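Hi,

Here is the structure I promised to pass on. Have a look, and my notes follow below.

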Amino acid sequence: GVNSFLDAHGKALHNSFLWALTSGGLIGFVLWFVLNLSLLTSLRSLIFSSDSRQSISASLSSICFGIIIYSLAHNIHFNKFFWVIVALVIANVSRK
């Protein structure tokens, strides 16, 4: 379960991908990976879009990309800023 590694070893994991794998198992890791992959895919499509209205989506997705890179070395799974940005990306995409 959540924080099972912390309970068993007394130490926190050093990145979010390992946290997703140890706390959520294979299903949790796949969901975490799909979330990050979809954010990167949306960023790529926004970069190559010629629509000027996409600038907000591109900005938010760029922030998510930076957070994903940051999560390779740090835990961000409980970081409220990350989830607020993800929610804003989803809301912005849903409004179209």
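Which helix holds both Phe29 and Phe33, and how many residues apart are they? Both are in helix H2, four residues apart, or about one turn of the helix. (Helices are DSSP runs of H or I, at least four residues, numbered from the N terminus.)

Before the rest, some housekeeping. This is a predicted model, where local features need pLDDT of at least 70 and side-chain atom pairs count only at pLDDT 80 or more, while totals for chains, interfaces and linings use all residues. Residues are numbered from 1 along each chain as its sequence is written, and side-chain values use heavy atoms, leaving out hydrogens and water.

Back to the rings. Phe29 and Phe33 have ring centres 6.3 Å apart and planes at 25°, so they are a stacked pair (centres within 6.5 Å, planes under 30 degrees apart). Phe29, at 25% relative accessibility, counts as partly exposed, and so does Phe33 at 42% (partly exposed lies between buried, under 20%, and exposed, over 50%, with a 1.4 Å probe and protein chains only).

Cheers

Key:
Rings of Phe, Tyr and Trp (its six-membered ring) pair if their centres lie within 6.5 Å; planes under 30 degrees apart count as stacked, over 60 as edge-to-face and the rest as tilted. Helices (H or I, at least four residues) and strands (E, at least two) are DSSP runs, numbered from the N terminus.
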